[in-house]
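Here is a friendly briefing to read alongside the model. Have a look at the chain first, and then we can go through it topic by topic.

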Amino acid sequence: MKDRAAQLIASREKFVQQMPDPGAILPGSLLSRMVRCNKPGCRFCEKGKGKGHGPIWILSVSLGDRQVRQVPIPGEMKKEVEESLRAFAQMQKVLKQIARVNLDLLKERKRQRQ
Ligand SMILES: [Zn+2]
């Protein structure tokens, strides 16, 4: 059925349009952490009471082979980094969807040859 192939191509086009700008992507995840300055008398770091300073934001990126790179992120860059992480996740999601459609399309084209 030709319609099936046309449907698949149309849905693939929809996914392609959902693709984020690849120039903006960042891998990893953003963690927050409280830090201790260890200065005597600091009320934020008082033993058992203080919560420490922060939170500070850290981009944690897995490089494979159990290697993880941790990059501290200044507060004013947090939003931008979050958007880039979302773009990366979106890109991976859309890539999988396009790959799935192309697989179905391949099967459909093979079927049409018979
Ligand atoms: Zn402190």
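Over how many bridges do β1 and strand β2 pair, and in which sense? β1 and strand β2 (residues 53-64) pair in the antiparallel sense over 6 bridges. Please keep in mind that this is a predicted model, where local features need pLDDT of at least 70, side-chain atom pairs count only at pLDDT 80 or more, and totals for chains, interfaces and linings use all residues. Residues are numbered from 1 along each chain as its sequence is written.

**Overall layout**

- The protein chain contains 2 helices and 3 strands, where helices (H or I, at least four residues) and strands (E, at least two) are DSSP runs numbered from the N terminus.
- Reading from the N terminus, the elements of the protein chain come in the order α-β-β-β-α.
- The protein chain has a radius of gyration of 23 Å, whereas a compact globule of 114 residues would have one near 13 Å. The radius of gyration is taken over C-alpha atoms, and the globule rule is 2.2 Å times the number of residues to the power 0.38.
- Along the principal axes, the C-alpha atoms of the protein chain fill a box of roughly 80 × 30 × 25 Å.
- Of the 114 residues of the protein chain, 4% count as buried. A residue is buried if 20 or more other C-beta atoms lie within 10 Å of its own, exposed if 12 or fewer, and partly exposed in between, with C-beta atoms placed from the backbone.
- Of the contacts in the protein chain between residues at least 6 apart in sequence, 56% join residues at least 24 apart. Two residues are in contact if their C-beta atoms, placed from the backbone, lie within 7 Å.

**The sheet**

- The 3 strands form an open sheet in the order β1-β2-β3, with antiparallel pairing; two strands pair if DSSP finds at least two bridges between them.
- β1 (29-35) and β3 (67-73) are the edge strands, each with a single partner strand, so one side of each has no neighbour in the sheet.
- From one strand to the next, the twist averages 35 degrees.
- Pro55 is found in strand β2, and a cis peptide bond with omega of about 5 degrees joins Gly54 and Pro55.

**Loops and turns**

- Arg36 sits in the loop between β1 and β2 and counts as partly exposed because it has 15 C-beta neighbours inside 10 Å.
- Leaving aside residues up to four places away in sequence, Arg36 touches Cys45 and Gly52.
- Arg36 and His53 are 17 residues apart along the chain, with their C-alpha atoms separated by 6.2 Å.
- Asn38 also belongs to the loop between β1 and β2, and has a positive phi of about 60 degrees although it is not a glycine. With 8 other C-beta atoms within 10 Å, Asn38 is exposed.
- The hairpin of β2 and β3 has 2 residues between the strands, and in it Asp65 takes a positive phi near 50 degrees.
- Arg66 lies in the loop between β2 and β3 and, as a residue other than glycine, has a positive phi near 60 degrees. Arg66 is exposed, with 6 other C-beta atoms within 10 Å.

**Helix α2**

- α2 lies across β1, β2 and β3 and runs at about 145 degrees to β1. Axes here are lines fitted to C-alpha atoms, for helices over the stretch in contact, and angles run from 0 to 180 degrees between N-to-C directions.
- Leu95 and Leu106 are 11 residues apart in sequence, and 16 Å apart in space from C-alpha to C-alpha.
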